[in-house]
Amino acid sequence: MLQPLKNALATSLPPDALYWMRSVKRAIMFEPPLPWPYGNGSSATVQDRPPAVAIAAPSADTVDDGRIIQDIALEKYSARQLPSPGAYYSYADVLILPAQEIAKTLTLCVQYVNSAHVNGDIAEFGTMGGFSARAIATSMVFDLQRQPLGKSASGENPFRILRLFDSFEGLPEITSPVDQVAPHVISGAWAKGGCKVLAAPQLRAVIGKIIPPHRFQLYEGWFADTVKTLPPETRFAMIHFDGDLYQSTMDALVPLFERGMISTGAVICFDDWNANRAIPTTGERQAWKELVEMFAIEASNGGDYSVGGTRFIIHAYRGIPADPE
């Protein structure tokens, strides 16, 4: 019964939309992204083609007047044209069930750090096709709870910043013995240069249609290098980690814990927790076990979500900064 539907979609959808649907499915199932071009014989490269969007918050009838989604949404909410901020965002716009669950979890995590007054910004490590970054940014449109720290010159607390980290070169060379024996590495699903989809300018354009430029920042390069560039006062309330590998996890999170940049109550979402058949000595599972021992981390497991992810809420660790007054 599904084959006629698949055939109909394949023949009726634009190439970008079909590419996006197939790529999201592959990302969720820990498979390498589709090569581009496919099917239509185009010579366009990934860098040349326009980015496919993952979540279309406005209705199909919305006229594109050049404004970003945040401005349109806040205007409608202020004019009482929306019953609640959440009414602007529909999970039904995400066509694949596991992707819906990821978007839902990330949205709820943003709402949690706001309602719990957790201090700091939001980070994503590993942006791939921009699906989860777009979901987080859309959730941040209604970031009505301001940060406890960081007052501007005007005396107002700023909105949180979305900080997006990616090499934009795909996965690094896989040198760690932990990663080299992982099933996804052995099978070739994870390999050097894999998981490369959107280039930095494309991701910037996608997120720039949702929130203004001062509310997000891209960090281009390997995690071990870019994390070092963060100023010492940086704090994180939420981290979505989608770097796949054990080594990438350690490269990103060890410096953050060492520098006390993860706040009390912060939530960390691991996208590939159940990759590698959920073998506990591989990938993010092994990295988290070592991090807990290294920094004496006390955390609550918030449970699995979708098919691959799990999340933790951080209560304490060696070197955690005091809560702001």
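**Note on the sheet and its salt bridges**

1. E124 stands opposite L164 in β2. Strand β1 (residues 121-125) pairs with β2 (residues 162-166) in the parallel sense, over 4 bridges; pairing requires at least two bridges found by DSSP between two strands. Strands (E, at least two residues) and helices (H or I, at least four) are DSSP runs numbered from the N terminus.

2. The model is predicted: local features need pLDDT of at least 70 and side-chain atom pairs pLDDT 80 or more, while totals for chains, interfaces and linings use all residues. Residues are numbered from 1 along each chain as its sequence is written, and side-chain values use heavy atoms, without hydrogens and water.

3. The 7 strands form an open sheet with mixed pairing, in the order β3-β2-β1-β4-β5-β7-β6. Each edge strand, β3 (216-220) and β6 (298-305), has a single partner, so one side of each is left without a neighbour in the sheet.

4. D121 and R163 form a salt bridge, with the closest N and O atoms 3.0 Å apart (side-chain nitrogen of Lys or Arg within 4 Å of a carboxyl oxygen of Asp or Glu). D121 is in β1 and R163 in β2, so the pair ties together parts 42 residues apart in sequence. Both D121 and R163 are buried (under 20% relative accessible area; exposed is over 50%, partly exposed in between; 1.4 Å probe, protein chains only).

5. A search of the whole structure finds 2 salt bridges. R204 forms one with E220, the closest N and O atoms being 3.7 Å apart. This pair links helix α8 to strand β3, 16 residues apart. R204 counts as partly exposed, at 37% relative accessibility.
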